[in-house]
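The following exercises concern side-chain contacts in a protein chain. Please work through each task before reading its solution.

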Amino acid sequence: LLVGILGISFYISRQLTRKIIRPLQDMCHATEEFAQGDFSVRFPVTQTHNEIDTLAESFNSMVQEIAELVEDIRTEQHNQRMTELRLLQAQINPHFLYNTLDTIIWLTESGEKKEAVSMLTTLSNFFRTTLSKGRDFITIAEEEEHIRSYLEIQQFRYHDILEYDIRIPEQIQQYQICKLTLQPIVENALYHGIKNKRGGGKITVDGKIENGSLIFEVGDNGIGMTQQELIHLRGLISGEVMDEEQHGFGMANVQQRIQLYFGKDYGVSVESTYLAGTVIRVVIPAILEPIS
(Lines give C-alpha, C1' and ligand atoms only; values in the text may rest on other atoms or scores of the structure.)
Protein backbone atom coordinates (compact mmCIF):
# COMPACT_ATOMS: atom_id res chain seq x y z
CA LEU A 1 0.00 0.00 0.00
CA LEU A 2 2.82 2.35 0.92
CA VAL A 3 4.62 1.63 -2.37
CA GLY A 4 1.37 2.27 -4.24
CA ILE A 5 0.84 5.61 -2.46
CA LEU A 6 4.43 6.66 -3.23
CA GLY A 7 3.98 5.71 -6.88
CA ILE A 8 0.76 7.69 -7.19
CA SER A 9 2.35 10.67 -5.42
CA PHE A 10 5.30 10.57 -7.79
CA TYR A 11 2.99 10.42 -10.81
CA ILE A 12 0.91 13.38 -9.56
CA SER A 13 4.11 15.33 -8.83
CA ARG A 14 5.37 14.73 -12.38
CA GLN A 15 2.04 15.83 -13.84
CA LEU A 16 2.04 18.99 -11.73
CA THR A 17 5.59 19.75 -12.85
CA ARG A 18 4.75 19.17 -16.52
CA LYS A 19 1.44 21.04 -16.57
CA ILE A 20 1.98 23.87 -14.07
CA ILE A 21 5.48 24.42 -12.72
CA ARG A 22 7.41 24.01 -15.98
CA PRO A 23 5.08 26.32 -17.98
CA LEU A 24 5.41 28.91 -15.23
CA GLN A 25 9.19 28.62 -15.38
CA ASP A 26 9.07 29.01 -19.17
CA MET A 27 6.86 32.06 -18.78
CA CYS A 28 9.31 33.57 -16.28
CA HIS A 29 12.08 33.06 -18.83
CA ALA A 30 9.96 34.70 -21.56
CA THR A 31 9.24 37.61 -19.21
CA GLU A 32 12.98 38.09 -18.63
CA GLU A 33 13.60 38.22 -22.38
CA PHE A 34 10.77 40.73 -22.76
CA ALA A 35 12.21 42.86 -19.94
CA GLN A 36 15.53 42.96 -21.84
CA GLY A 37 13.80 44.47 -24.86
CA ASP A 38 12.87 41.43 -26.98
CA PHE A 39 9.38 42.33 -28.20
CA SER A 40 9.21 39.29 -30.47
CA VAL A 41 8.96 36.85 -27.57
CA ARG A 42 5.70 34.86 -27.36
CA PHE A 43 4.51 32.11 -25.02
CA PRO A 44 2.90 29.09 -26.73
CA VAL A 45 -0.83 28.52 -26.14
CA THR A 46 -1.80 24.82 -25.92
CA GLN A 47 -5.56 25.29 -26.53
CA THR A 48 -6.40 23.29 -23.40
CA HIS A 49 -8.23 26.37 -22.05
CA ASN A 50 -6.73 26.08 -18.59
CA GLU A 51 -5.37 28.86 -16.38
CA ILE A 52 -1.90 28.63 -17.97
CA ASP A 53 -3.41 29.21 -21.42
CA THR A 54 -5.34 32.20 -20.12
CA LEU A 55 -2.15 33.61 -18.62
CA ALA A 56 -0.22 32.93 -21.85
CA GLU A 57 -2.83 34.70 -23.99
CA SER A 58 -2.80 37.70 -21.66
CA PHE A 59 1.01 37.79 -21.72
CA ASN A 60 1.17 37.61 -25.53
CA SER A 61 -1.47 40.31 -25.89
CA MET A 62 0.38 42.59 -23.46
CA VAL A 63 3.70 42.10 -25.30
CA GLN A 64 2.04 42.85 -28.66
CA GLU A 65 0.40 46.03 -27.41
CA ILE A 66 3.60 47.29 -25.75
CA ALA A 67 5.61 46.51 -28.90
CA GLU A 68 3.12 48.53 -30.98
CA LEU A 69 3.22 51.43 -28.51
CA VAL A 70 7.03 51.46 -28.49
CA GLU A 71 7.09 51.44 -32.30
CA ASP A 72 4.59 54.31 -32.38
CA ILE A 73 6.78 56.28 -29.97
CA ARG A 74 9.87 55.59 -32.06
CA THR A 75 8.08 56.72 -35.22
CA GLU A 76 6.82 59.86 -33.51
CA GLN A 77 10.29 60.67 -32.15
CA HIS A 78 11.81 60.08 -35.59
CA ASN A 79 9.26 62.38 -37.25
CA GLN A 80 9.77 65.00 -34.56
CA ARG A 81 13.55 64.82 -34.96
CA MET A 82 13.27 65.13 -38.74
CA THR A 83 11.04 68.19 -38.33
CA GLU A 84 13.58 69.76 -35.95
CA LEU A 85 16.42 69.07 -38.39
CA ARG A 86 14.47 70.59 -41.27
CA LEU A 87 13.87 73.72 -39.22
CA LEU A 88 17.54 73.88 -38.28
CA GLN A 89 18.46 73.25 -41.91
CA ALA A 90 16.41 76.28 -42.92
CA GLN A 91 18.62 78.39 -40.65
CA ILE A 92 21.79 77.53 -42.57
CA ASN A 93 21.20 79.80 -45.58
CA PRO A 94 20.00 83.24 -44.34
CA HIS A 95 23.42 84.81 -43.70
CA PHE A 96 24.57 83.60 -47.12
CA LEU A 97 21.50 85.21 -48.71
CA TYR A 98 22.09 88.52 -46.92
CA ASN A 99 25.74 88.65 -47.98
CA THR A 100 24.90 87.76 -51.59
CA LEU A 101 22.18 90.42 -51.84
CA ASP A 102 24.62 92.97 -50.40
CA THR A 103 27.10 92.02 -53.12
CA ILE A 104 24.42 92.32 -55.84
CA ILE A 105 23.47 95.78 -54.54
CA TRP A 106 27.13 96.80 -54.53
CA LEU A 107 27.60 95.54 -58.12
CA THR A 108 24.49 97.42 -59.26
CA GLU A 109 25.56 100.66 -57.60
CA SER A 110 29.01 100.28 -59.17
CA GLY A 111 27.47 100.00 -62.64
CA GLU A 112 28.48 96.37 -63.10
CA LYS A 113 25.01 95.31 -64.21
CA LYS A 114 26.05 92.23 -66.18
CA GLU A 115 27.81 90.80 -63.14
CA ALA A 116 24.81 91.67 -60.97
CA VAL A 117 22.38 89.93 -63.34
CA SER A 118 24.64 86.88 -63.59
CA MET A 119 24.94 86.66 -59.81
CA LEU A 120 21.19 87.07 -59.38
CA THR A 121 20.55 84.25 -61.90
CA THR A 122 22.97 81.97 -60.06
CA LEU A 123 21.32 82.85 -56.75
CA SER A 124 17.94 81.93 -58.23
CA ASN A 125 19.32 78.53 -59.33
CA PHE A 126 20.79 78.01 -55.88
CA PHE A 127 17.49 78.55 -54.08
CA ARG A 128 15.53 76.57 -56.66
CA THR A 129 17.49 73.51 -55.55
CA THR A 130 17.20 74.50 -51.90
CA LEU A 131 13.40 74.51 -52.15
CA SER A 132 13.13 71.47 -54.50
CA LYS A 133 9.32 71.54 -54.25
CA GLY A 134 9.52 70.37 -50.64
CA ARG A 135 11.45 67.18 -51.45
CA ASP A 136 13.99 65.86 -48.96
CA PHE A 137 15.82 63.84 -51.62
CA ILE A 138 17.24 65.10 -54.90
CA THR A 139 19.53 63.58 -57.54
CA ILE A 140 23.31 63.85 -57.38
CA ALA A 141 23.07 66.01 -60.53
CA GLU A 142 20.82 68.49 -58.68
CA GLU A 143 23.11 68.48 -55.64
CA GLU A 144 26.10 69.17 -57.91
CA GLU A 145 24.27 72.07 -59.54
CA HIS A 146 23.48 73.39 -56.07
CA ILE A 147 27.09 73.42 -54.84
CA ARG A 148 28.28 74.76 -58.19
CA SER A 149 25.84 77.69 -57.87
CA TYR A 150 27.04 78.28 -54.32
CA LEU A 151 30.71 78.30 -55.33
CA GLU A 152 30.05 80.54 -58.36
CA ILE A 153 28.39 83.09 -56.09
CA GLN A 154 31.23 82.91 -53.58
CA GLN A 155 33.76 83.36 -56.37
CA PHE A 156 32.17 86.74 -57.10
CA ARG A 157 33.03 87.74 -53.53
CA TYR A 158 36.31 85.87 -53.08
CA HIS A 159 37.66 85.75 -56.63
CA ASP A 160 41.17 86.57 -55.45
CA ILE A 161 41.41 83.64 -53.00
CA LEU A 162 38.99 80.96 -54.21
CA GLU A 163 39.30 78.27 -56.87
CA TYR A 164 37.21 75.12 -57.07
CA ASP A 165 36.96 71.87 -59.00
CA ILE A 166 33.94 69.53 -58.95
CA ARG A 167 34.66 66.00 -60.18
CA ILE A 168 31.52 63.89 -59.91
CA PRO A 169 31.28 61.18 -62.62
CA GLU A 170 28.23 60.97 -64.86
CA GLN A 171 27.43 57.36 -63.89
CA ILE A 172 26.33 58.39 -60.39
CA GLN A 173 24.39 61.52 -61.37
CA GLN A 174 20.94 59.88 -61.11
CA TYR A 175 21.41 58.39 -57.65
CA GLN A 176 19.55 60.03 -54.76
CA ILE A 177 21.03 62.12 -51.96
CA CYS A 178 19.61 64.05 -49.00
CA LYS A 179 19.14 67.65 -50.07
CA LEU A 180 21.81 70.00 -48.66
CA THR A 181 24.29 67.25 -47.88
CA LEU A 182 27.37 68.65 -49.61
CA GLN A 183 26.72 72.41 -49.61
CA PRO A 184 27.16 72.92 -45.81
CA ILE A 185 30.44 70.98 -46.04
CA VAL A 186 31.64 73.11 -48.96
CA GLU A 187 30.65 76.20 -46.98
CA ASN A 188 32.67 74.96 -44.00
CA ALA A 189 35.69 74.42 -46.29
CA LEU A 190 35.46 78.02 -47.49
CA TYR A 191 34.83 79.82 -44.20
CA HIS A 192 37.02 77.73 -41.89
CA GLY A 193 39.67 76.58 -44.34
CA ILE A 194 40.30 78.89 -47.29
CA LYS A 195 39.41 82.24 -45.65
CA ASN A 196 41.76 81.60 -42.74
CA LYS A 197 44.70 80.93 -45.05
CA ARG A 198 46.98 83.60 -46.45
CA GLY A 199 46.79 83.69 -50.23
CA GLY A 200 44.59 81.69 -52.56
CA GLY A 201 43.06 78.32 -51.88
CA LYS A 202 41.20 75.60 -53.70
CA ILE A 203 38.14 73.46 -52.87
CA THR A 204 37.68 70.10 -54.58
CA VAL A 205 34.57 67.92 -54.59
CA ASP A 206 34.98 64.29 -55.67
CA GLY A 207 32.37 61.53 -55.91
CA LYS A 208 32.42 57.81 -56.65
CA ILE A 209 30.43 54.61 -56.13
CA GLU A 210 32.05 51.72 -54.30
CA ASN A 211 30.57 48.48 -52.90
CA GLY A 212 27.01 49.80 -53.03
CA SER A 213 27.86 53.11 -51.37
CA LEU A 214 28.27 56.64 -52.68
CA ILE A 215 31.44 58.28 -51.37
CA PHE A 216 32.06 62.02 -51.58
CA GLU A 217 35.17 63.88 -50.50
CA VAL A 218 35.25 67.65 -50.05
CA GLY A 219 38.86 68.79 -49.75
CA ASP A 220 40.54 72.13 -49.29
CA ASN A 221 44.15 73.29 -49.00
CA GLY A 222 43.24 75.85 -46.36
CA ILE A 223 44.56 76.43 -42.87
CA GLY A 224 43.60 72.96 -41.65
CA MET A 225 43.03 72.10 -37.98
CA THR A 226 45.16 71.34 -34.99
CA GLN A 227 44.67 67.97 -33.34
CA GLN A 228 42.61 69.59 -30.59
CA GLU A 229 40.38 71.40 -33.09
CA LEU A 230 39.94 68.19 -35.08
CA ILE A 231 38.88 66.22 -31.98
CA HIS A 232 36.43 69.00 -31.07
CA LEU A 233 34.87 69.03 -34.57
CA ARG A 234 34.53 65.24 -34.58
CA GLY A 235 32.75 65.50 -31.23
CA LEU A 236 30.36 68.11 -32.64
CA ILE A 237 29.57 65.93 -35.66
CA SER A 238 28.93 62.84 -33.51
CA GLY A 239 26.80 64.82 -31.04
CA GLU A 240 29.12 64.08 -28.12
CA VAL A 241 30.14 67.75 -27.81
CA MET A 242 27.87 70.80 -27.68
CA ASP A 243 29.01 74.23 -28.89
CA GLU A 244 26.94 77.29 -27.95
CA GLU A 245 28.51 79.22 -30.85
CA GLN A 246 27.35 76.43 -33.20
CA HIS A 247 30.70 75.88 -34.89
CA GLY A 248 30.34 72.82 -37.12
CA PHE A 249 26.56 73.19 -36.95
CA GLY A 250 26.03 72.53 -40.67
CA MET A 251 28.06 69.32 -40.69
CA ALA A 252 26.42 68.06 -37.49
CA ASN A 253 23.05 68.63 -39.17
CA VAL A 254 24.21 66.63 -42.22
CA GLN A 255 25.43 63.79 -40.00
CA GLN A 256 22.17 63.55 -38.07
CA ARG A 257 20.02 63.55 -41.21
CA ILE A 258 22.13 60.86 -42.90
CA GLN A 259 22.01 58.58 -39.86
CA LEU A 260 18.29 59.12 -39.32
CA TYR A 261 17.62 58.00 -42.88
CA PHE A 262 20.28 55.33 -43.36
CA GLY A 263 21.61 54.26 -39.96
CA LYS A 264 24.88 54.45 -38.05
CA ASP A 265 26.95 52.78 -40.79
CA TYR A 266 26.81 55.99 -42.85
CA GLY A 267 27.72 59.59 -42.21
CA VAL A 268 30.50 62.19 -42.13
CA SER A 269 34.16 61.79 -41.17
CA VAL A 270 36.95 64.37 -41.06
CA GLU A 271 40.71 64.28 -41.58
CA SER A 272 42.80 67.43 -41.27
CA THR A 273 46.41 68.56 -40.98
CA TYR A 274 47.27 71.98 -39.63
CA LEU A 275 48.65 74.34 -42.33
CA ALA A 276 47.98 71.68 -45.00
CA GLY A 277 44.21 71.32 -45.38
CA THR A 278 41.13 69.28 -44.61
CA VAL A 279 39.24 66.42 -46.26
CA ILE A 280 35.66 65.69 -45.26
CA ARG A 281 34.27 62.33 -46.35
CA VAL A 282 30.56 61.59 -46.75
CA VAL A 283 29.29 58.02 -47.20
CA ILE A 284 25.66 57.20 -48.06
CA PRO A 285 24.01 54.14 -49.64
CA ALA A 286 23.61 54.16 -53.41
CA ILE A 287 19.84 54.36 -53.98
CA LEU A 288 17.89 55.28 -57.10
CA GLU A 289 14.54 55.89 -55.38
CA PRO A 290 14.10 58.51 -52.63
CA ILE A 291 13.19 57.37 -49.14
CA SER A 292 9.72 58.53 -48.11
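Rings of Phe, Tyr and Trp count as a pair if their centres lie within 6.5 Å, and planes over 60 degrees apart make the pair edge-to-face. The model examined here is predicted.

**Exercise 1. Aromatic pairs**

Task: State how many aromatic pairs the structure holds, and classify the pair formed by Phe 137 and Phe 262.

Solution: 
1. The structure contains 5 aromatic pairs.
2. For Phe 137 and Phe 262, the ring centres are 6.0 Å apart and the planes stand at 80°, so this pair is edge-to-face.
3. The two residues come from distant parts of the chain: Phe 137 belongs to strand β1 (residues 137-139) and Phe 262 to helix α8 (residues 249-262), 125 residues apart.
4. Phe 137 and Phe 262 are both buried.

**Exercise 2. A second ring partner**

Task: Determine how the rings of Phe 262 and Tyr 266 are arranged, and decide whether each residue is buried or partly exposed.

Solution: 
1. The ring centres of Phe 262 and Tyr 266 lie 6.3 Å apart with planes at 70°, so the pair is edge-to-face.
2. Buried means under 20% relative accessible area. Phe 262, at 15%, therefore counts as buried, whereas Tyr 266, at 21%, counts as partly exposed.
3. Ring pairs join Phe 137, Tyr 261, Phe 262 and Tyr 266 into a cluster.

**Exercise 3. Salt bridges**

Task: Give the number of salt bridges, and describe the one between Arg 167 and Asp 206.

Solution: 
1. A salt bridge requires a side-chain nitrogen of Lys or Arg within 4 Å of a carboxyl oxygen of Asp or Glu. By this rule there are 7 salt bridges.
2. Arg 167 and Asp 206 form one of them, with their closest N and O atoms 2.6 Å apart.
3. Arg 167 is partly exposed at 39% relative accessibility, and Asp 206 is partly exposed at 24%.

**Exercise 4. A helix and a strand**

Task: Identify which parts of the chain the salt bridge between Glu 271 and Arg 234 ties together.

Solution: 
1. The side chains of Glu 271 and Arg 234 meet in a salt bridge, 3.2 Å from N to O.
2. Glu 271 lies in strand β6 (residues 267-273) and Arg 234 in helix α7 (residues 227-238), so the pair ties together parts 37 residues apart in sequence.
3. Glu 271 is exposed at 53% relative accessible area, while Arg 234 is partly exposed at 32% relative accessibility.

Note on methods. Residues are numbered from 1 along each chain as its sequence is written. Side-chain values use heavy atoms; hydrogens and water are left out. Buried means under 20% relative accessible area, exposed over 50%, partly exposed in between (1.4 Å probe, protein chains only). Helices (H or I, at least four residues) and strands (E, at least two) are DSSP runs, numbered from the N terminus. Rings of Phe, Tyr and Trp (its six-membered ring) pair if their centres lie within 6.5 Å; planes under 30 degrees apart count as stacked, over 60 as edge-to-face and the rest as tilted.
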